[in-house]
Amino acid sequence: MTREEHLKYCMVCVNRKIALNGEVVCALTDAKADFDPLCPSYEYSTEITDEEYSFQGNWLIFLAVGGLFLALLRFIISH
């Protein structure tokens, strides 16, 4: 499985946590997912913590600012 496929499960699992480097890891193993095709410790969660909302929002802001910066840089270089 790819990392993206793992994250589809991990982001809605009660055993997820955000590591210090910002990656989603298993709270039971402190490691990235490596299951294929099913995780034996998977438990569906309907709750997303405030920290995870903040984490997701920060990445959206980062991507938006980065995109604006690249567009401005292209404009400056082309003129």
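The following questions and answers examine a predicted model of a protein chain.

Me: In what order do the elements of the chain run from the N terminus on?
Reply: The chain of this predicted model holds two helices and two strands. Read from the N terminus on, these elements follow the order α-β-β-α.

Me: What percentage of the residues in the chain is buried?
Reply: A residue counts as buried when its relative accessible area is under 20%. The chain has 79 residues, and the share of them that is buried is 16%.

Me: Is Val-14 buried or partly exposed?
Reply: Val-14 is placed in the loop between α1 and β1. Its relative accessibility is 42%. Because buried means under 20% and exposed means over 50%, a value of 42% makes Val-14 partly exposed.

Me: Which residues are in contact with Val-14, leaving aside its neighbours within four places in sequence?
Reply: Val-14 and Tyr-44 are 30 residues apart along the chain, yet their C-alpha atoms are separated by 6.2 Å. Leaving aside neighbours within four places in sequence, the contacts of Val-14 are Glu-43, Tyr-44 and Ser-45.

Me: Which residues lie nearest the centre of the largest pocket?
Reply: The largest pocket holds about 250 Å³ of space. The elements that give two or more residues to its lining are α1 and β2. The lining comprises 18 residues, and those nearest the centre are Cys-26, Thr-29, Ala-33, Phe-35 and Cys-39.

Me: How far apart are the closest N and O atoms in the salt bridge of Lys-17 with Asp-30?
Reply: Side chains of opposite charge can pair when their charged atoms come close. Lys-17 lies in strand β1 and Asp-30 in the loop between β2 and α2, so this pair, 13 residues apart, links distant parts of the chain. Lys-17 is partly exposed, with a relative accessible area of 33%. The closest N and O atoms of the bridge are separated by 2.4 Å.

Me: With which residue does the side chain of Lys-32 meet in a salt bridge?
Reply: A search of the whole structure finds two salt bridges. Lys-32 takes part in one with an N to O distance of 3.3 Å.

Me: What is the phi of Asp-30?
Reply: Most residues other than glycine have a negative phi. Asp-30, in the loop between β2 and α2, is not a glycine, but its phi is positive. The value is about 60 degrees.

Me: Which residues does the cis peptide bond join?
Reply: Most peptide bonds are trans. Here, however, a cis bond has an omega of about 10 degrees. Pro-37, one of its two residues, is found in the loop between β2 and α2. The bond joins Asp-36 and Pro-37.

Notes
Residues numbered from 1 in each chain as written. Predicted model: local features only at pLDDT ≥ 70, side-chain atom pairs only at ≥ 80, totals over all residues. Heavy atoms only, no water. Helix = DSSP H or I, 4+ residues; strand = E, 2+ residues; numbered from the N terminus. Buried < 20%, exposed > 50% of the residue type's maximum accessible area, 1.4 Å probe, protein only. Contact = heavy atoms within 4.5 Å. 1 Å grid on protein atoms, 1.4 Å probe; cavity = no way out; pocket = protein on both sides within 12 Å on 5 of 7 lines; lining within 4 Å. Points joined across faces, edges and corners; volume = space filled by probe spheres on them. Salt bridge = Lys/Arg side-chain N within 4 Å of Asp/Glu carboxyl O.
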